[in-house]
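User: I've got a two-chain model open and would like to go through it with you. Can we take it bit by bit?

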Amino acid sequence: MSSLPSTPPASGTRYSGVAIGLHWLIAVAIAGSFSVGLYMADLPLSPQKLKLYSWHKWAGVTIFLVVMVRLGWRLSHRPPQLPAGMPAWQRKVAEATHVLLYVLMIVIPLSGWLMSSAKGFQTVWFGVLPLPDLLAKNEALGKLLEEVHELLNWSTAAVVVAHLGAALKHHFIDRDDVLTRMLPLLRSPTSGGTK
Amino acid sequence: MNWRHGLILAALATALSSAHAIEFNQLQPGKSALAFVSKQMNVPVEGQFKSFRSKLAFDPAKPAAAKAELEIDLASIDAGSKDANDEVASKAWFDTKAFPVAKFVSTSFKPLGGNRFEVSGKMTIKGRTQDLATPVTLRQEGNSATFEGSLVLKRADYAIGEGMWADFGTVANEVQVKFRLVATAAAAAAK
């Protein structure tokens, strides 16, 4: 953290375009692969199921890489300050939620990768680049990692609901700029509250 | 079984002229393996058949006269996962109920020099018979011989994976088959 720029941008400043772009790209990608993952798991075996599994795995690897870029950006660019009137406990919860989301975004693709290896299905990114299998095939371990992967995903869903709820609360109740400074297509750094 | 009688006679005849004549004809199932690699969405998935029998008669002194038959119990497949095992027993794949056994019968053993041979024969799976040839490497250690090789089977040649599975975009047509057959010489044939 010592490498962070010492002074964060003032409150009222928007997130950088890169941060906004990465945030929404990852949000859409996660929502998509979460839905596909939920849908594909209980399908009877078919070519479509094999395709969906592969696409889901390709998406997971891609999301992981984009999250790495985003993490690098986040660590080298301080986000705008939170509104001055925000209570300390809320700042702590916000901080913890964001850290937790980063941890989940990193751990979930890893758990999927390990689970695939344990189940004996290597991950071949876009059908071209084979990822090494860090685990040997092991049915019991595969089943366990599947449950871990699922649990982590439902945890993410819960944290995302809290994250969304907080953003909406800031926008509609606190009437500050916490939501709008992360929204794309807004140019002026004026604070939110009205549309 | 006539060819076996012929071979035993041949082996005996060879035994008379050579003290080292030996015929490998007892498959050692525990040491043998029949594995394959299929490609699903370009992901290699390993599988194997756990139950198979072989009638084998191989005299290193007369390799061209060798014979081999292999019977594979298709229900003994491990295709990589339980889902896959259930699926490949279905009509679209092996139709294991109607065609429980796949069979290979050799028609020729062609020495390629050294310890290598080309074995040709007829492969029957799911009621369809195709000519097949595969290189085989022989490793002989005392009373035991190991025949090893690998070949590519095209699943469509045997209608393995019909209907929605017929498209090779998801499951590739080519299936890599790897075999290792270990045989010992029966006491009667060994001298």
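User: How many bridges join strand β2 to strand β3 in chain B, and in which sense do the strands run?

Analyst: First, some ground rules: this is a predicted model, where local features need pLDDT of at least 70, side-chain atom pairs count only at pLDDT 80 or more, and totals for chains, interfaces and linings use all residues. Residues are numbered from 1 along each chain as its sequence is written, while chains are lettered from A and ligands numbered from 1 in the order in which they are written. Strands (E, at least two residues) and helices (H or I, at least four) are DSSP runs numbered from the N terminus, and two strands pair if DSSP finds at least two bridges between them. Here β2 (residues 33-40) and β3 (residues 43-49) of chain B run antiparallel, and the bridges joining them number 7.

User: Which residue in the hairpin of β2(B) and β3(B) takes a positive phi?

Analyst: There are 2 residues between the strands of this hairpin. The positive phi is near 55 degrees, and the residue that takes it is M41(B).

User: What is the bridge partner of Q48(B) in β6(B)?

Analyst: β3(B) also pairs with strand β6 (residues 77-78) of chain B, in the antiparallel sense over 2 bridges. For Q48(B), the partner in β6(B) is D78(B).

User: Why is K154(B) called partly exposed?

Analyst: K154(B) sits in strand β10 (residues 144-154) of chain B. A residue is buried if 20 or more other C-beta atoms (placed from the backbone) lie within 10 Å of its own, exposed if 12 or fewer, and partly exposed in between. K154(B) falls in between because its count of other C-beta atoms within 10 Å is 13.

User: Which residues is K154(B) in contact with, leaving aside its neighbours within four places in sequence?

Analyst: Two residues are in contact if their C-beta atoms, placed from the backbone, lie within 7 Å. The contacts of K154(B) are N173(B) and E174(B).

User: Over to chain A: why does the span of helix α1 agree with its length?

Analyst: The expected span is 1.5 Å times one less than the number of residues. Helix α1 (residues 17-40) of chain A has 24 residues, so it should span 34 Å, and the distance between its end C-alpha atoms agrees, at 34 Å.

User: Which residues of α1(A) are buried?

Analyst: The cover over the buried residues of α1(A) includes α2 (47-76) and α4 (139-174) of chain A. Those buried residues are I30(A), S33(A) and G37(A).

User: How many residues of chain A are in contact with chain B, and how do they divide?

Analyst: On the two sides, 12 residues of chain A are in contact with 16 of chain B. α2(A) gives the most to the chain A side, with 4 residues. Nonpolar means Ala, Val, Leu, Ile, Met, Phe, Trp, Tyr, Cys and Pro; charged means Asp, Glu, Lys and Arg; the others, Gly among them, are polar. The chain A side divides into 5 nonpolar, 5 polar and 2 charged.

User: Where in chain A does pLDDT stay under 50?

Analyst: pLDDT is the predictor's confidence in each residue, from 0 to 100. Chain A has a mean of 91, with 89% of its residues at 70 or more. Where pLDDT is low, the predicted coordinates should not be read in detail. In chain A, the stretch under 50 is residues 189-195.
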